[in-house]
Amino acid sequence: MTVGDAAVGAPARSAASGTRGLDLARFRPIALPIATAAAALVVWELVVVLLRIPTVLLPGPGDVARELVRDLPVLLRHAVPTGLESLASFALASALGVALALAITYSPLLRDMLYPNLVVFQLIPKIALAPLFVIWLGITSESRLAYATFISFFPVVISAMTGLANTERDAIRLCRSLTASPWQTFLLVRFPFALPYVFSGMKIAVTMAFIGVIVGEFISAKAGLGFYILDAGSRMETAGIFAAIFVLCVIGLALFGAVAGAERLVRRWYRGY
Amino acid sequence: MSVERYVTVSNLRKVYRTGAETVEAVSSVSFTVPRGQFVAILGPSGCGKSTLLMMVGGLETVTSGSIEIGGTPMTGPRTSIGVMFQDPTLLPWKSALDNVLFPIRVLKRPLGEYRARARALLEMVGLQDFAAKKPQQLSGGMRQRVAICRALVYDPELLLMDEPFSALDAITRDEMNEALLDIWQRYTKTALFVTHSIREAVLLADRVLVMTRRPATVVEDLEIPFARPRDMSIGDTPAFNEICSHLRAKIERGNGLGRRIGAAPETSVAISVRKAS
């Protein structure tokens with residue numbers, strides 16, 4: 001009897017709290033991570049204050065925020081080359097990745113020649129190669145671009161290859177039955193089919209390009225946030241390091257957000273809603 | 001049968017080689033189809049009927065034998081042939097209307113001139129309100145209707161259909177058969193329609209070719225006597241059921257299953273015929 005009542009009562013109760021539950025559910029994906037981060041910052045500040053940790057060792061979020069505001073013009077000046085180089089190397093990596101995927105997909109000869117070597121290359125810890133780029137290209141912006149492109153193009157190759165290989169077989173047959181040229185088949189069918197796959201590779205590439213630029217700046221730059229961090233580190237300005245890391249977070253979010261946003265647009269174009 | 005031979009298939013053979021093994025997918029198939037005839041190629045799955053169809057469409061290579069269409073030997077795909085596959089194979093990023101217009105785009109014909117025709121075709125299959133929808137927003141039956149419109153939009157003379165409705169549920173399939181009968185009433189074309197459904201073949205076709213496995217060849221060539229326009233109601237007549245059971249017997253004999261398993265369905269058909277008459 002009680003069991004029966006509970007079973008009948010349950011839907012009614014959830015219906016009553018339906019509107020409230022819906023709103024919470026909608027904001028949860030945004031509200032929950034922000035609340036978690038805020039709580040972590042509070043704990044951080046408390047730990048620093050209560051344990052009297054020296055600022056040089058670990059500044060609290062308040063110290064970092066003050067440093068950020070104080071040195072904001074300088075930070076922004078350094079953010080410009082870092083952001084632009086990241087964007088440029090990401091664009092290069094995407095173009096190079098798609099081009100290589102095309103070559104590998106369309107030419108069995110090139111596939112057999114290139115693909116195993118590409119994979120072997122990926123097994124090298126790529127940070128180890130950074131000094132070589134300095135030797136070859138100096139401490140110029142081109143050096144960092146080349147290095148960042150180099151370490152970030154591979155995911156695009158893999159994802160674009162998968163996308164091009166996964167085009168529906170019948171869609172290609174349809175093109176053949178219509179006597180479409182290989183170029184038409186590529187442009188009208190295969191590339192659009194591969195596009196969502198390409199984006200998943202590009203999302204990885206954009207974060208790797210960003211890492212590549214920072215590593216490059218550690219090694220060879222006279223400007224950029226990587227340089228700023230090293231410079232602040234050499235003067236034990238820990239709050240400055242954290243402030244630069246915060247700016248890096250913002251740039252990283254913007255870069256990733258732009259790619260993810262473009263991906264969403266493409267997927268919406270696919271679905272039509 | 002009419003004297004004019006639009007499609008001539010003679011001694012067609014297809015052998016696949018996989019490593020050391022050779023598989024004969026189609027062995028010495030010959031038939032002719034006059035212009036305007038709707039021919040169903042009926043057989044169990046894996047009997048090579050799709051391979052046969054793709055060879056006729058120039059989409060598979062021929063091991064030996066020849067195919068002539070409209071008096072010229074087939075050497076590759078032609079734009080006078082339209083193909084429908086088992087899946088609708090619509091492009092997911094294109095609207096229904098743009099999918100219908102896809103062949104026009106590939107063939108570089110003026111899109112503007114064909115837009116009205118594409119809309120008329122969509123209207124004929126009852127999709128006039130869905131022209132702007134993308135495939136993901138359409139049901140399976142609707143997608144296959146779009147695929148029919150796409151095969152018809154550039155007005156090919158010969159339509160090749162490779163089990164186009166076999167992925168659909170039974171009710172939707174009946175609807176599609178009805179739609180196809182209706183379309184055939186308006187645009188009479190020559191057609192080869194591959195299916196493994198006996199009822200579908202008898203309902204739609206002017207003539208049924210029965211293919212069997214081992215050897216993959218044509219064992220029966222049967223004219224279907226029903227006049228057009230047809231509708232689904234002919235499926236309830238005794239004559240329809242008699243033809244179906246005849247074809248079923250042919251398929252089973254061809255597969256060497258006639259002795260044991262074949263006995264049961266044949267008796268049940270006999271009973272249903274008696275009930276109907």
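**Figure 1. Strands β1 and β2 of chain B, a pair in a predicted model**. Strand β1 (residues 7–18) of chain B and strand β2 of chain B pair in the antiparallel sense, and 9 bridges join the two. Within this part of the predicted model, B:V9 stands opposite B:F31, a residue of β2(B). The pair belongs to an open sheet of 4 strands in chain B, whose order is β2-β1-β4-β5 and whose pairing is antiparallel. Because β2 (21–33) and β5 (72–73) of chain B stand at the edges with a single partner strand each, one side of each is left without a neighbour in the sheet. Helix α1 (residues 49–56) of chain B lies across β1, β2 and β4 (64–69) of chain B, and the helix runs at about 120 degrees to β1(B).

**Figure 2. The open sheet of 6 strands in chain B**. Here the strands of chain B follow the order β6-β7-β8-β3-β9-β10, and the pairing in this open sheet is mixed. The edge strands are β6 (81–84) and β10 (217–223) of chain B, each of which pairs on one side only. On average, and with direction ignored, neighbouring strands of this sheet are turned by 15 degrees against each other. Helix α5 (residues 140–153) of chain B packs on the sheet, where it touches β6 and β7 of chain B, and the direction of the helix makes about 170 degrees with that of β6(B). Inside the sheet, strand β7 (residues 158–162) of chain B pairs with strand β8 (residues 190–195) of chain B in the parallel sense, over 5 bridges. Along this pair, B:D162 stands opposite B:V194 in β8(B).

**Figure 3. The surroundings of B:P164**. B:P164 has its place in the loop between β7 and α6 (170–186) of chain B. Is B:P164 buried or exposed? A residue counts as buried if 20 or more other C-beta atoms lie within 10 Å of its own, and B:P164 is therefore buried, with 25 other C-beta atoms within 10 Å. Leaving aside residues up to four places away in sequence, B:P164 touches B:M84, B:Q86 and B:Q144.

**Figure 4. The side of chain B that touches chain A**. In the model, 20 residues of chain B are in contact with 20 residues of chain A. On the side of chain B that touches chain A, the elements that give two or more residues are β6 and α3 (102–106) of chain B. The largest share of this side, 3 residues, comes from α3(B). Sorted by kind, the residues of the side of chain B that touches chain A divide into 11 nonpolar, 5 polar and 4 charged. For the model, the scores are ipTM 0.84 and pTM 0.78.

**Figure 5. Chain A, with 12 helices and 0 strands**. From the N terminus on, the elements of chain A run α-α-α-α-α-α-α-α-α-α-α-α. The radius of gyration of chain A is 25 Å, well over the 19 Å that the globule rule gives for 273 residues, so chain A is more spread out than a compact globule. Taken along the principal axes, the C-alpha atoms of chain A fill a box of roughly 80 × 75 × 30 Å. Of the 273 residues of chain A, 30% count as buried.

**Figure 6. Chain B as a whole, and the confidence in its parts**. The secondary structure of chain B comes to 9 helices and 10 strands, and 42% of the 277 residues count as buried. A compact globule with 277 residues would have a radius of gyration near 19 Å, and the 19 Å of chain B agrees with this. Chain B averages a pLDDT of 87, and 90% of the residues score at least 70. Confidence in chain B is highest in helix α2 (residues 96–100), at 96, and lowest in helix α9 (residues 263–276), at a mean of 38. Over residues 258–277 of chain B the pLDDT stays under 50, and for this stretch the model has 20 contacts beyond four places in sequence.

Note on methods
Residues numbered from 1 in each chain as written. Chains lettered and ligands numbered in written order. Predicted model: local features only at pLDDT ≥ 70, side-chain atom pairs only at ≥ 80, totals over all residues. Rg over C-alpha atoms; globule rule 2.2 N^0.38 Å. Buried ≥ 20, exposed ≤ 12 C-beta atoms within 10 Å, placed from the backbone. Pairing = 2+ DSSP bridges. Axes fitted to C-alpha atoms, helices over the stretch in contact; angles between N-to-C directions. Contact = placed C-beta atoms within 7 Å. pLDDT = per-residue confidence, 0-100. Nonpolar A, V, L, I, M, F, W, Y, C, P; charged D, E, K, R; others polar.
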